[in-house]
Amino acid sequence: MQFVTIDSWPTTKPVDYRPELEDGNVLFFPSTPFAFPEKSKEFLRNINFAGGSIHKNVAYRPASDRVTGVELEASKSERLRAILREYSQAVVQFTAQVLPQYAPYWKLDYASFRPLEEENRHLPVNKRNDLIHTDAFPSRPTNGDLIMRVFTNIHPTKTRNWIITDPFCIVAERYARDAGLGKIAEGANSGSGRILHSSARLLKSMGLPVVPRSAYDRFMLHFHEYLKRNGDFQKNTPKYSFNFPPGATWITFTDIVPHSVLSGQHALEQTFIIARHSMANPANAPIAILEQLCGEPMV
Ligand SMILES: [Fe+2]
């Protein structure tokens with residue numbers, strides 16, 4: 001596990017960064033490698049989120065150009081939307097230059113703004129950011145594709161402090177069976193499991209609010225919480241800490257790289273769903289590792 005520092009962007013020679021990311025490393029740009037005006041950062045930092053007007057984070061949905069998770073007066077919410085749109089577009093353009101092999105096949109997911117201090121947040125266990133975990137989205141199953149996220153620390157002075165641990169292949173080898181991998185894979189591949197999944201897909205196609213989840217998505221969702229609740233893992237897994245300075249941007253697969261955020265305030269983030277077939281080494285995809293461990297197909 002390592003942090004791969006890219007001091008100046010663009011680089012003089014094109015580099016294929018996929019193997020670094022897929023091995024569970026973090027691409028680290030010490031200063032913001034794309035244009036994002038100071039005025040926009042200032043506006044974001046100065047929004048007053050006191051009084052419970054915010055959900056966990058503020059989310060921006062590029063596909064529908066919508067902001068969710070926050071209630072603000074109309075003029076402020078319009079400006080917020082414009083700034084998050086601007087950030088999202090700048091990150092997409094930049095990331096397509098860094099990782100051109102992924103870009104033609106990725107699915108653009110949500111962007112988010114994380115305005116609250118992470119230290120001492122009072123959140124339920126499954127939402128806590130300070131416990132080491134792999135990411136999985138309850139409402140957006142990936143069917144074996146991967147979650148890649150680009151973060152930017154926009155705090156003027158404070159670092160954003162992360163802990164990461166060994167990549168998914170090592171953590172899964174140690175804990176996936178105990179987390180119930182065999183049972184979840186078998187259940188999904190059984191006759192009744194297949195009928196249930198087909199029915200969920202049918203209901204979704206009819207417009208009902210149902211989320212059909214593959215065995216992979218069910219496991220990953222469960223594993224996210226399993227790791228957070230596993231005292232042995234939290235205590236004994238090797239910990240590599242990194243304090244991302246103000247202005248830094250970093251890219252990583254947050255399903256391959258178990259991570260936690262101990263402190264920091266005011267971060268922006270854009271998520272990409274990376275197609276498994278566009279990986280340099282598809283054997284590093286969590287789904288490939290899980291299928292190898294349980295001997296069953298998981299989508
Ligand atoms: Fe996370």
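In what order do the three strands of the open sheet run, and is the pairing parallel or antiparallel? The order is S8-S7-S10, and the pairing is antiparallel. Keep in mind that this is a predicted model.

Start with the edges. Strand S8 covers 240–244 and strand S10 covers 259–263. Each of these edge strands pairs on one side only. From one strand to the next, the twist averages 25°. Now take the S7 and S8 pair. S7 spans residues 160–164, and five antiparallel bridges join S7 to S8.

Next, the metal. Which protein atoms are donors to the iron ion? They are NE2 of His-133, OD of Asp-135 and NE2 of His-259, lying 2.2 Å from the iron ion. Along the chain, the donors follow the spacing H-x1-D-x123-H. His-133 and His-259 link distant parts of the chain, 126 residues apart. His-133 sits in the loop between strand S5 (107–114) and strand S6 (146–153).

Last, the core. The largest nonpolar core has 76 residues. Those touching the most other members are Leu-27, Leu-44, Met-148, Phe-219, Phe-223, Ile-251 and Leu-290. Helix H3, residues 74–98, gives the most to this core: eight residues.

Look at Phe-219. Set aside neighbours within four places in sequence. Phe-219 then contacts Ala-176, Ala-179, Gly-180, Leu-181, Ile-184, Leu-290 and Met-298. In soluble globular proteins, nonpolar side chains tend to be buried together.

Key: Residues are numbered from 1 along each chain as its sequence is written. This is a predicted model: local features need pLDDT of at least 70, side-chain atom pairs count only at pLDDT 80 or more; totals for chains, interfaces and linings use all residues. Side-chain values use heavy atoms; hydrogens and water are left out. Two strands pair if DSSP finds at least two bridges between them. Helices (H or I, at least four residues) and strands (E, at least two) are DSSP runs, numbered from the N terminus. Axes are lines fitted to C-alpha atoms, for helices over the stretch in contact, and angles run from 0 to 180 degrees between N-to-C directions. Donors are N, O and S atoms within 2.8 Å of the metal (3.2 Å for Na, K and Ca); water is not among the atoms, so sites may look incomplete. A nonpolar core is a set of buried Ala, Val, Leu, Ile, Met, Phe, Trp, Tyr and Cys residues joined through side-chain atoms within 4.5 Å. Buried means under 20% relative accessible area, exposed over 50%, partly exposed in between (1.4 Å probe, protein chains only). Contact means heavy atoms within 4.5 Å.
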